[in-house]
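Student: Please take a close look at one part of this model, the site around the ligand, and then connect it to the rest of the chain.

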Amino acid sequence: MLNLIIESSCDETSAALVRDGTTILSNAVASQIPVHRRYGGVVPELASRNHIRDIHKVIQDALNDAGCGLDDIDGFGATAGPGLVGSLIVGIESARTLAMMYNKPFVGLNHLEGHLTAVLIEDGSFPQPTFPYLGIIVSGGHTDLYHVLEVGKYELLGRTRDDAAGEAFDKVAKMLGLSYPGGVEIDALAKKGNPKAIDFPRPMWTRKNLDFSFSGLKTAVLNYLKSNPDFCTEDVCASFQEAVVDVLIMKTITAAKSKHVDDIVFSGGVACNSRLREAAQQRCKEAGFRALFAPVELCTDNAAMLGPIGEYYLSKMPNYFENTPTRAQSNMVLGVNQRTASGSENNHR
Ligand code: KG4
Ligand code: ZN
């Protein structure tokens, strides 16, 4: 199938054409980072309005880049959750309207499931995992560990009890007076700092459970800054980043051991972090696992990452036009309340 997928859950408006779920023909992204930067974070009202402004151009760019017209599309999909509701509506209604006009199926997709399976895209530049694999989503809103049995079938193993890893990066960056989004800035400055300069805590450093916590680490950084007014920004960045990376990798390897998988997949915006990539490759290899990362453009929010699940759900229910957006709300597919969620039963509501 040739599918047109839209992602508009937060501050990126994106449309992609993906063939058979794994081949990207185009992936147009309009980022709103400059709009939100002056506020130090995403302003929901502005995000919705900017999606409305950008959505048509992004769809047109995706079609042009792929050399296709709307007549060529076999199915439409859009992120339906989790995300900012005003932002989601723009993408969902655009995709649903096109599906209705062209009498083609529509499917609402789960953003987290997209991150988790983005690595299944085959562009020849990185290896694909073998099922089952261990997947960690580290983004601005989530830090979740999953046992990925197959597409549509996931077992939630652990998640953050407070802040997401990306949120901690962004908030620490704000404390340091760096611009939004802070993860990239901290990553760059940390390269010039000493990761051992400050002994920040490694929260939830236990193999007894697979949950995370980052709010205490954030407070530890704040306290350090208050008591050391002459702090070295580069050292704070490197030491904070090292603490996050240590915890992420330790928990992930612990989970991989418990599930006897071969491959560990890192996904979400924080998976762009250069220190995480380097340390994960090394430590996973030492522990006998393969650490896999999609390229950075598929780790931060984009529509193409939803290609594999778009194909999966569209081909499973090809005539189900009202494959409702609510099925993709986070609690349904990737369990907020459930520790185990089987996609095939729970997804299509
Ligand atoms: O997946 P994503 O694009 O959006 C969400 O679904 O949240 O992730 C955004 C998060 C932000 O918190 C951003 O600071 C973080 O990913 N991020 C990074 C890096 N690049 C993006 N964090 C650490 N190092 C990076 N290089
Ligand atoms: Zn995301």
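Tutor: A pocket is defined on a 1 Å grid over the protein atoms alone, as an open set of points with protein on both sides within 12 Å along at least five of seven lines; a cavity is a set of points where a 1.4 Å probe fits but cannot get out, and lining residues of either have an atom within 4 Å of a point. A molecule sits in a cavity or pocket if more than half of its atoms lie within 2 Å of its grid points. The space taken by ligand 1 is the largest pocket.

The model is predicted, so local features need pLDDT of at least 70 and side-chain atom pairs count only at pLDDT 80 or more, while totals for chains, interfaces and linings use all residues. Residues are numbered from 1 along each chain as its sequence is written, chains are lettered from A and ligands numbered from 1 in the order in which they are written, and side-chain values use heavy atoms, with hydrogens and water left out.

Helices (H or I, at least four residues) and strands (E, at least two) are DSSP runs numbered from the N terminus. Two or more residues of the shell around ligand 1 come from each of α4 (111–117), α5 (165–175) and α6 (182–190). A residue is near a molecule if one of its heavy atoms lies within 4 Å of it. There are 20 residues around ligand 1, and G140, D170, D187, G269 and N273 come nearest.

The side chain of H111 has an N or O atom 3.2 Å from an oxygen atom of ligand 1. G183 uses a backbone N or O atom, 3.1 Å from an oxygen atom of the ligand. For D187, an N or O atom of the side chain is 2.9 Å from a nitrogen atom of ligand 1. Taken alone, ligand 1 exposes 550 Å², and the protein buries 88% of that; such areas come from the Shrake-Rupley method with a 1.4 Å probe, and for residues only the protein chains shown count as cover.

The loop between α5 and α6 holds P181, and the peptide bond from Y180 to P181 is cis, with omega near -5°. Another cis bond runs from G81 to P82, with omega near -10°; P82 is in the loop between β4 (75–81) and α3 (85–101). Most peptide bonds are trans, and most residues other than glycine have a negative phi.

D211 is buried (under 20% relative accessible area; exposed is over 50%, partly exposed in between, with a 1.4 Å probe and protein chains only), at 9%. A polar atom of the D211 side chain lies 2.9 Å from the backbone nitrogen of R159.

Helix α8 (residues 233–259) has 27 residues, which at 1.5 Å a residue should span 39 Å, and its end C-alpha atoms are 39 Å apart, in agreement; the expected span is 1.5 Å times one less than the number of residues. Because 21 of those 27 residues are buried, α8 is largely enclosed by the rest of the structure. H260 follows α8 and has a positive phi, near 55°.

Notes: A polar contact is a pair of N or O atoms within 3.5 Å; within protein, one must be able to donate a hydrogen and the other to accept it, and residues adjacent in sequence count only if both atoms are side-chain atoms.
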